[in-house]
Amino acid sequence: MIDALGERKVRWVASNQAINAPLVGLDVRPGERIGAVTGTGDILFNLIVAGALVESADSDPEQTAYVRRKRENVVADDQESFLYEGITESKYSTQGQIRRRHSHFSDPNIWQRLRQNIGNLRDPELADIGDFLSTRNFDKAFLSNAPGWGYTGETESGMLNGRIDCNRIFDACAQSLPQGGLAYRVRFARQWFLGTTYENFESVPSLAQKAAVMEEKIGGMWIPEVYRRI
Ligand SMILES: C[S@@+](CC[C@H](N)C(=O)[O-])C[C@H]1O[C@@H](n2cnc3c(N)ncnc32)[C@H](O)[C@@H]1O
């Protein structure tokens, strides 16, 4: 992300998704290979705590560098830096959710398992998740909210690209997974509009103001969806 001063900044520092839900949704077993979107890294770290072998990609260079730093903090057994890495950098740093989420990894047992298993997390790659999945085979996939995210941001064409992107990423995922393989993604929904995607509001200019009011006044949640390759 480029901020108002033209500086590049990491955008997402702590996951606000349900951190254990992918373990349940993907029925994660030790030794399974999971292809994942890097994002904040929190979900990746939790997948390896559960014993999975994780390879990840993100198209954002700041997110990739940020999660590399967090990975190095684990290797160096520097829990304090890991817990607060990047907190003041994020555009969401004033939101209380960030400290709560990081506290998941302050549990000594979870930190110890993270340390033990850190070799199971490959260095995150700078790549589009569709390209990444289509050239490798995994048992399962964690797609975060990448399907539907799009490249071009908050414009009408951005929304259209988001839809095309959704099909493209699911096609790549189907290529990567074996029959019966599971894929997990999330969609954001406002409490007022459960079932209606958040990006529909943000990306259409005529609805942008409504989206801004919703952003400020109304809580929302990430709705998990699990797909099985047939
Ligand atoms: C909202 S953020 C992730 C934060 C997330 N809630 C988490 O728990 O980590 C979505 C992430 O997906 C990445 N992303 C979106 N579309 C992508 C794509 N096609 N390929 C690779 N990364 C993508 C973004 O750069 C961003 O880091």
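Visitor: How many of the five residues in strand β4 (residues 140-144) are buried?
Guide: A residue is buried if 20 or more other C-beta atoms, placed from the backbone, lie within 10 Å of its own, exposed if 12 or fewer, and partly exposed in between. Strands are DSSP E runs of at least two residues and helices H or I runs of at least four, numbered from the N terminus. Strand β4 is mostly covered, and its buried residues number five.

Visitor: Before we go on, what kind of model is this?
Guide: Residues are numbered from 1 along each chain as its sequence is written. Local features need pLDDT of at least 70, side-chain atom pairs count only at pLDDT 80 or more, totals for chains, interfaces and linings use all residues, and the model is predicted.

Visitor: Which residues of β4 point the other way from Lys140, Phe142 and Ser144?
Guide: Lys140, Phe142 and Ser144 point one way from the strand, and they are buried. Pointing the other way, and buried too, are Ala141 and Leu143.

Visitor: Which residue stands opposite Phe142?
Guide: Strands pair if DSSP finds at least two bridges between them. Strand β1 (residues 33-37) runs parallel to β4, with three bridges joining them. Opposite Phe142 in β4 stands Ala36.

Visitor: Ser144 has a positive phi; is Ser144 buried or exposed?
Guide: Phi of Ser144 is near 50°, a positive value in a residue other than glycine. Ser144 lies in strand β4. Because 25 C-beta neighbours sit inside 10 Å, Ser144 counts as buried.

Visitor: And Asp27, buried or exposed?
Guide: Asp27 also has phi near 50°, positive in a residue other than glycine. Asp27 sits in the loop between α1 (21-25) and β1. With 11 other C-beta atoms within 10 Å, Asp27 is exposed.

Visitor: What about the ligand: which residues come nearest?
Guide: The shell around the ligand divides into seven nonpolar, 10 polar and four charged residues. Of the 21 residues around the ligand, the nearest are Ser15, Gly39, Thr40, Asp60 and Ile129.

Technical notes:
Near = placed C-beta within 6 Å. Nonpolar A, V, L, I, M, F, W, Y, C, P; charged D, E, K, R; others polar.
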